[in-house]
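Please read them with the coordinates open.

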Amino acid sequence: MKLTGAQALIKSLEMQGVEVVFGLPGGAILPVYDPLLDSSIRHILVRHEQGAGHAAEGYAQATGRPGVAIVTSGPAATNIVTPLADAYMDSIPLVVITGQVATSTIGTDAFQEADTTGITMSITKHNWLITDANDIPRVVREAFHVATTGRPGPVLIDLPKDVSNASMEWYWPRQVSLPGYKPTTKGHPKMVKEAARMIAAAEKPIFYVGGGVLRAQGSDVLASLVELTQIPAVTTLMGRGALPDSHPLCLGMPGMHGNYAAVTSMQKSDLLIVLGARFDDRVTGKVDAFAPFAKVVHIDVDPAELGKIRHADVPIVGDVRSVMEDLLVELEAIRGSFQDISLWRKEIRSWQDNFPYTYDRTHEGPPLKPQYVIERLRDLNTEDTIVVSGVGQHQMWASQYWRFEKPNIWINSGGLGTMGFAVPAAIGAKVGRPDRTVWVIDGDGCFQMTAQELVTATTERVPIKVAILNNAYLGMVRQWQEMFYDERYSEVYLSPDLPDYVKWAEAMGCVGLRVVHPSEVDAAIEKANSITDRPVVIDFRTDTHEKVFPMVPSGKSNDEIVLGEEGL
Amino acid sequence: MNAESNAIVPIGGAIRTPSEFRHHILSVLVENKTGVLARVAQLFSRRGYNIFSLAVAPTDDERFSRITVVVDVDTAPLEQITKQLHKLVNVIKISEIDPDEAIEYELLLATVAADAATRAQVIELVNLFEGRIVDVGSTKLTVMVAASPSHLDDFEALIVEYGLVELQRTGRVALQKLGKPTTRRKQMKGKVS
């Protein structure tokens, strides 16, 4: 069967089981958009290529399947660089297809030419420039394989226009042949045994649970491990929901804005059992002073993470789920010899009781306390609700105050910290999980970066809900200027009502609401929940002066955690 | 080479001392595809590692090329470098060759001032290092020496006395010594356990 390169691409995507692509057409990708008309694949037309990338990320995180974006060459390719870098940091499986100028004009500074594979080399797991239409099915097959196996991540296929137009004989490769790519999935049995021995002998062990557990779909095995060992677990920003927050041994978020019990239990621990986490600086604080008494069992599918920041006494390369299963078997066998750690649990429990997240609940308002808004959103929605956030204060409050009872319901930009992530990512999540309510918790600064994608949401009938915690500032930067720059506020003021978020929402076909007084919060949320045919935006006017606590100041040891205003 | 540095070079010493600092030789087998060198080179710069020298050529199997990278051990932990390299899809195999257990060779081309008065001395020096005269001008000679990097350092230190016009070295290639215990040769497959 003779096909054009473009037809072969679309057919290859169909063969990979792709149901939705996010994209925006242009010159070099034009040939690909023609056969798309005849395909079963749904195309979501975004308003900016960055939106396509983040939507694909949201889709991938909500569904566990790779997200796919198609954009054209040059500026479109550079616009999708941010989502690629974001997905690379947070290990999100993404397949991005970019158009490229014709092979004969590559290197001549042709119209809308950019060195896309060169630019994206260090922010993709791998990328391909296809120069022969016959390679298309093979490369697509390889691309999905690389994106979804081992440590998941973004890949990019650069497709020149003449290759899309060229003719090829259709085939579908039966298997992938990549001699240099063979991720280790099975943990080394001797190491697993040694890990089990150390876990059983530890007096102050802690599970340090990262996003890798979610990527490996290992929540249920983690729950069994925690049940068996009765060892408390912290869930990092990327790992929130891997263990239900209601679980008595779940300590919640550690790190710069983590709670006292999670931070301190790691500091005092004698054994960190690291599951799919990578000792991010936002978790460790000053590395030399992080968990100084702890030995480390580190389990990760990416061998380069082991020993990168912190020496691992027992390093285990493998799929986190598979290794946890093996570990469970080993631990079952020696369960009689477990160290009694009830005193350790009691100590942690006292920290939890004495130092929970707090804010001034007596404050009557207006303005609204942002934490209060999140608590009401949480309590007026079900456990199935998917929460998507941007980056900044609102992100930290969302992670602190939401109760994540299930995996893959918390979507945010962790590693790269991409402002503007939330709205497009929520669209992707809602497209992937139309059965779920999707709430965006966003800041006013973040919202302004990508809000135009709400036009996409309205047009494509993707009824997401957006809560803007509008404090009229780039709040996190403001917090740092207040705390560390003598309250010298430099370029952080945004204004509460310019733009007018309600009018803006309405202009984009959404329902726009404004909440100024605490008494109006519940009604607004309930109204938003009752609207299911279009997106809703609520402009919550929140307290400018509210800061995120606890806080470990940058570069300081986690022992120097600041609990609140009075600790400054 | 400036005059000052010429003045302080001891006989038999070296101007540069690449063999004295602790270096590592990585022999990286890669797929012979477009852009692979760029991926390897970019990874080094992206992760903040310094490449001391680099030699690339196809192997006897045309599907693969071999990149011989010499890394200054102080710039980065070697384990992290090899692990990151292994994550490149086009990298097939990485062997670390211990400098003490390696046959290291490098090629040097140099154009040297050599008039009637000094020509004989230059030729004698080249012969001592088992090099060859590969081009002859009226007042200059171009010479070629293939030797271990430290021998080349010595040669460089001596030849510079006559007046260097141009000098080019290839960066070393290396193979494991024969008949030695192979346990010294670490093969890194990206596995820690």
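1. Ground rules. This is a predicted model, where local features need pLDDT of at least 70, side-chain atom pairs count only at pLDDT 80 or more, and totals for chains, interfaces and linings use all residues. Residues are numbered from 1 along each chain as its sequence is written, chains are lettered from A and ligands numbered from 1 in the order written, and side-chain values use heavy atoms, without hydrogens or water.

2. Second largest pocket. Its volume is about 1200 Å³. A pocket here is an open set of points on a 1 Å grid over the protein atoms alone, where a 1.4 Å probe fits, with protein on both sides within 12 Å along at least five of seven lines. Grid points are joined across faces, edges and corners, and the volume is the space filled by probe spheres set on them.

3. Its lining. The second largest pocket has 47 lining residues (an atom within 4 Å of a point). Nearest its centre lie A:Asp302, B:Lys83, B:Gln84, B:His86 and B:Lys87. The lining divides into 18 nonpolar, 14 polar and 15 charged residues (nonpolar: Ala, Val, Leu, Ile, Met, Phe, Trp, Tyr, Cys and Pro; charged: Asp, Glu, Lys and Arg; polar: the others, Gly among them). Domain 1 (2-169) and domain 2 (189-354) of chain A both contribute to the lining, so the second largest pocket lies between them. The domain bounds come from an automatic or database assignment.

4. Strand β4 of chain A. Strands are DSSP runs of E, at least two residues; helices are runs of H or I, at least four; both are numbered from the N terminus. In β4 (residues 67-71) of chain A, 5 of 5 residues are buried (under 20% relative accessible area; exposed is over 50%, partly exposed in between; 1.4 Å probe, protein chains only). A:Gly67, A:Ala69 and A:Val71 are on one side, A:Val68 and A:Ile70 on the other.

5. Its neighbours. Strand β2 (residues 20-24) of chain A runs parallel to β4(A), joined by 3 bridges (pairing takes at least two DSSP bridges). A:Phe22 has A:Ala69 as its bridge partner. Strand β5 (residues 94-100) of chain A also pairs with β4(A) in the parallel sense, over 5 bridges. There A:Val71 stands opposite A:Thr98.

6. Buried or exposed: which is A:Gln371? A:Gln371 is buried, at 2% relative accessible area. This residue of helix α16 (residues 370-379) of chain A touches A:Tyr359, A:Trp397, A:Tyr401, A:Glu546 and A:Lys547, not counting residues up to four places away in sequence (contact: heavy atoms within 4.5 Å).

7. A:Asn134 is partly exposed, at 34%. A:Asn134 sits in the loop between β6 (126-129) and α7 (136-148) of chain A.
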